[in-house]
Amino acid sequence: QVQLVESGGGLVQAGGSLRLSCAASGRTFSSYAMGWFRQAPGKEREFVATITWRSGSTGYADSVKGRFTISGDNAKNVVYLQMNSLKPEDTAVYYCAVNTVRVGVRRPLLSEHDYDYWGQGTQVTVSS
């Protein structure tokens, strides 16, 4: 099993910033990509950002492009999400996910079905 633990969520005013962190641990595994998803109340979980380690490729949802930045360290199995210029519509539970099976993948993985382990989530609330 692989465990993912997110941190860094909280309450922030519109226009503010937060930095989410996610650390993966557990049995020996290889991480080929890590991503962030979010789920707002009453809505389905949606893709936010991803990074593919082999190529360094990143991908973002249109709604966060230019405001959010994903980064990380593959050797340490950690990924970060820097969120700037936050808006009330960014309010959601943010989930970290890891892909441990797509050997050789280079393209950004945008679907939740591309990931096989998930964290418990961290709440981000943006007040207006």
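**Close-up views of a predicted model**

View 1. F37, F47, Y115 and W118 come together as one aromatic cluster. Over the whole structure, a search finds four aromatic pairs. In the pair formed by F37 and Y115, the rings are arranged edge-to-face, with 5.5 Å centre to centre and 75 degrees between the planes. Because F37 belongs to strand β4 (residues 33-39), while Y115 sits in the loop between β9 (92-99) and β10 (117-118), this pair ties together parts that are 78 residues apart in sequence.

**View 2. Arginine side chains over tyrosine rings, as seen at R19 and at R45.** R19 is placed over the face of Y80, at 4.0 Å from the ring centre. R45 is placed over the face of Y95, at 5.4 Å from the ring centre.

**View 3. An open antiparallel sheet of four strands.** The strands follow the order β1-β3-β8-β7, and their pairing is antiparallel. At the edges lie β1 (2-7) and β7 (68-73), each of which pairs on one side only. On average, and with direction ignored, neighbouring strands of this sheet are turned by 15 degrees against each other.

**View 4. The pairing of β1 with β3.** Strand β3 (residues 18-26) runs antiparallel to β1, and six bridges join the two. Within this pairing, V2 has G26 of β3 as its bridge partner.

Notes. Residues are numbered from 1 along each chain as its sequence is written. This is a predicted model: local features need pLDDT of at least 70, side-chain atom pairs count only at pLDDT 80 or more; totals for chains, interfaces and linings use all residues. Side-chain values use heavy atoms; hydrogens and water are left out. Rings of Phe, Tyr and Trp (its six-membered ring) pair if their centres lie within 6.5 Å; planes under 30 degrees apart count as stacked, over 60 as edge-to-face and the rest as tilted. A charge sits over a ring if NZ of Lys or CZ of Arg is within 6 Å of the ring centre and within 35 degrees of the ring normal. Two strands pair if DSSP finds at least two bridges between them. Axes are lines fitted to C-alpha atoms, for helices over the stretch in contact, and angles run from 0 to 180 degrees between N-to-C directions.
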